[in-house]
Each structure stands twice: as C-alpha cells, then as structure tokens.
Amino acid sequence: MKKIFLILTLVSLIAGVGCKKGYLDVNTNPNQSTSADPSLVLPAALAVTVANYYPGNTNVSEWMGYWAVSGSYAINASDAGTTYKMTTDFGDGTWQSIYDNLEDYQYIQDKANATSQPFLEGVARIMKAFNYQHLVDLWSDVPYADALKGGASLRPAYSKGPDIYDSLFIEIQKGIDLIKSAGITVSSNSDIMFGGDKNLWLQFANTVRLNMLLRMSEMATKPAFFQPNVDLTKNESAGFLTTDALVNPGYVNSTGKGNPFWQRFWNLTGGQVSSFGDFWAPNIFAVNYYQNNKDPRLGREFTRVVSGPNKGKFIGNLMGATSGNPSNGNYSFFGPGILRGYNILKDVNGVDSFVVNPSTGSTAPAVMMLAAESYFLQAEAVVLGYIPGDDQALYKQGIIESFRYLGVPDYANAFADYYTQGAGNPKIDYSTATSVLAKQTIIIGQKWAALNGINSLESYNDYRKFDYLHTGTWPYPGPLGNIPLTASPYYDVDKIPIRWKYPTSEYSRNPDNVSAEGTIDHQSTKIWWMK
C-alpha cells in the first residue's frame, strides 16, 4: 500500500502548509511553513472531498427514502432526519469541512500558478467549483468573493447564490483551459482520482458544469449566464464522464485510514460500529421499490436477513415509526454493491448469508461521481434541449452502468431481462414517457435508484428543484414526488426541508455577515435555483 499511506504524511502536510489559515481557523501560526509542493497536497485534498460527500448526509438519506433508523433505537422527538426540525447545529460540521477543503484547493491553485503547473491549477479550480456548488445548493448565499483570503478576510461577506454560480462557471472553463494547455500532468500517487489523465478531468469538469445547468432547469427565467454555458458545455470536445470517478488514497484496514463509508458501519474486526452500523437500516420505501420492480440491484443494495423470523427476506424499516420496526438484526443491512466487504454465501437451502471481510471493505475506493450519474444527467439534458443526443439510449446506459458498478452478475444481460420484464412500467420502460416532465420523472427516478447508498445529496437536489414544499399535497406529481414523508408523530411541519440553516460556527465567528442574511426558515426559504 505504498500508493500513499503516505495519507498520514499528507494529512500532516495539509495541516502544516498554511492551507487552513482562513476565517474558520482560530488557532493559526504565522510561522508555519507554506512551501509544500501542490502535487503533495492534492491527494489528501481529494480524500477529504470524497469523505465529505460519500455516501451523502445521513439525514438526507432518510428524507430521500434510502435509510431509516432501525427498530433497535427509539425515535428522537427532535431529530432532524425523522421530524424535519432543524437547528443551527445541523450541517455545521459539513460547512466547516467544506471550507477547510476549499482552503486546500486554494493553496494548490496559488502554488501551482506560482510554479507554472497548469494541470494542478486547473484541477484545483474545478474542485473548488465542485465544493462551492455543494455549499450553494445547501445554503444558497455563502461567503465566496471575500473568502479563501486567509488572514486578510477573517469575517468574509456573503455572496449571492446566482453570482457564485456565475463565477463557478468561469472557474470551470479556466480549469478546462489550463488542463488542455498542460504538457505535464502528475502521477497516480498525486492524482488519486484519475491518475493524471487530462481527458478524464475534462470530462469530469464538463459533467459538473452540466449538473449545475440542470439545477436551473425549472426556473421560469434563466439568468443571463445560463445559455452561454449551455453552449460551452455542448461544444466541449471532451464530452462527459463515461467512467466512474473513484478515489483511493491507499485505504487500509486501520482506524481512520480506510474507506470512509465502510468504516462508519464496520470496525476493524468485522463487528458493527455501535450507534451507527446498528443504528441505520434500509428504508422500506427503497426495499419495496427494487422488489416491486423486479430490480436485480435489490440484492446488491441490501442483504437478506440471516437469522430469526425474517431469515431469507429483504426487510426494511419505516422512517420515523415509533414502534413496529424490526430490531436486533432482524432487518436487512446495506448490501455488497455499496459496502464492498461482504462474502455472500448460501446455506443448504439456498438462502443467502454473508461474512464481513473488513480488509476488503476498508480498502475499497470511494465514489466522487458514478458514470451512471453522468449518463442520467446527459439524458435529462437531451430531453431539455441543452445538448444533442439520444435520450433513451443515455437513459438505458445509465441503468447499465448502475448495474455494473453495483456488481449485478452478468450485468448487460441482466439489464436486458430487467427492461424486457418492465415493458409498460413507467418506472422502467422509457417509451411510456411522452412528455418532458414524464421523461424527467423516469430519468430522475432511475438516477435515484442508482445513487442509493452513494450520493443522497444529488437526489435531494433533484427533489428540491421541483419545489414540492410550495405546491400541492403528497404524493406530488413529478420526479421523486412519491418519496414518503416521515411516520414520526413529532414533526412540526410535515415537509422535507429545502434550505439548511446557517451553522452555529458562523454566528460565533462571522456574526454580522451571517445575520445580514436574515432569518432562514428551512422549510420555506428557497435555494435560489428553485422555481
């Protein structure tokens, strides 16, 4: 594992190169060295980024019908996941970690620029855009133009969401141009996502840009920067991502050094992590979705119950239920397609069971973006007229890529069988979709199925752009509108939150600027791109 564990060295480097001298850091040393080569900082920066987003926020996974609290634990009357109640503590760790990570990329950008390393500068600009998009998609207005200036701006002013998006599109294009101009890249020890492959970085950048454009799809009036970036996106010769963007800094089966998703569920010897691994269970909505549609991803997303009255069955939990959910392992666990450390076995009756292999699970790569997600983005973009192409073919390829990544046996033929048996099913058969909204619904629905346990935030963004909070009653007629609301009796307003409250740390460190944003109601204040 010489690839970089190193990661310990790199994490130490990142703490000492001056990358974290921003407004979020109260303990900064003006004498710290700031001379680390940016190629040494990049792998740790990418490792932090993927850990921030993979597999997504746990509460968002509840809201999106993926996860539920197991029956082994009582439902908290003020828990954000099951009651939709939100305080300023919600998301505080996410906010701080993203901004710390942005400082890393700013350091890489500045040092690469100063030392004429255009590939690294381009990568840093693209990853800054990737991070800032997530901040804007959760909080809308955030520190941007005045941020990442170290001690020169310890209390940065807030920039408006659309202004940030406008600037991010410029950053992405600059990143693309810099990478194209680079004669030399870096090794796979430094670029732990694409191994220094220029074309893959160009495709990733263009896919991120397409994703940003699709956020605005339901706005009646698009901002002035929208169409020029549609043109840049469709005319980019590199195209879009067709391979999984996976990150592996040299994960090992050691505390804090393994796959971040795996190690939240299973410890170093293969036991469940208390209060997390045994806390979360599959949501019954997701289990029923795969089961009812004869979807072969069922056994890759979830395991069968291995003992007790439910042995051999796929069993989910009802989100927010105060009683009736199975406990003590009498429910399914998250499966081998997403937690990649199970040896699946069959007993004498042919019933699946599994053995946990922590060495395999800890060392599996983490997901930044799947090829499946890219194909679904392209399919929706074709439907909306943003790019040319065959939306049905792209939609089908998205499902095929999902089957492949999750490890569905003989995935190409499995898809053919799945699609054939799904004839006439509006969740599978693309020919049933005859309007733009119907096509968006089936595409986004399959993207939701593909991102279960991988990227709940992307599904959350898809859900919110149709603004179900302000229109009608559940179930809503549109993409993901059938995702169930909580069964908890403790909610105040029975609606999934749409915008996160600014975090406690901001009110402590940047009080005047965050207070100037006014009162944010997490269930009525919109993200700027919501219709």
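This is a predicted model: local features need pLDDT of at least 70, side-chain atom pairs count only at pLDDT 80 or more; totals for chains, interfaces and linings use all residues.
On the contact itself, domain 1 puts in 51 residues and domain 2 puts in 42 residues. Together they bury about 3,800 Å², and carbon and sulfur atoms give 62% of that. If you want to find the domain 1 side on screen, go to Trp67, Tyr73 and Leu406: those lose the most area to domain 2, together 16% of what that side buries.

Next, the inside. The largest nonpolar core has 165 residues, and the members touching the most others are Trp201 and Phe204. Helix α6, residues 118-139, supplies the largest share, 13 residues. Both domains are represented here, with at least three residues from each of domain 1 and domain 2. Zoom in on Trp201 and, leaving out residues up to four places away in sequence, you'll see contacts with Leu46, Phe119, Val123, Ile126, Met127, Ile179, Asp191, Met193 and Phe194.

Now for the rings. Searching the whole structure turns up 50 aromatic pairs. Take Trp139 and Trp500: centres 5.3 Å apart, planes at 85 degrees, so that's edge-to-face. Trp139 is in helix α6 and Trp500 is in the loop between α18 (456-464) and α19 (504-509), so this pair ties together parts 361 residues apart in sequence. Both Trp139 and Trp500 are buried.

My other pick is Tyr395 with Tyr430, whose centres are 4.9 Å apart with planes at 35 degrees, so we call that one tilted. Tyr395 belongs to helix α15, residues 391-406, while Tyr430 is in the loop between α16 (411-421) and α17 (436-450), 35 residues away. Are these two buried or exposed? Tyr395 is buried at 0% relative accessible area, and Tyr430 counts as buried too, at 3%.

Elsewhere, Lys222 lies over the face of Phe226, 5.6 Å from the ring centre.

That's my tour, thanks.

Key: Residues are numbered from 1 along each chain as its sequence is written. Side-chain values use heavy atoms; hydrogens and water are left out. A nonpolar core is a set of buried Ala, Val, Leu, Ile, Met, Phe, Trp, Tyr and Cys residues joined through side-chain atoms within 4.5 Å. Buried means under 20% relative accessible area, exposed over 50%, partly exposed in between (1.4 Å probe, protein chains only). Helices (H or I, at least four residues) and strands (E, at least two) are DSSP runs, numbered from the N terminus. Domain bounds come from an automatic or database domain assignment. Contact means heavy atoms within 4.5 Å. Rings of Phe, Tyr and Trp (its six-membered ring) pair if their centres lie within 6.5 Å; planes under 30 degrees apart count as stacked, over 60 as edge-to-face and the rest as tilted. A charge sits over a ring if NZ of Lys or CZ of Arg is within 6 Å of the ring centre and within 35 degrees of the ring normal. Buried area is the accessible area (1.4 Å probe) that two parts lose on being put together, summed over both.
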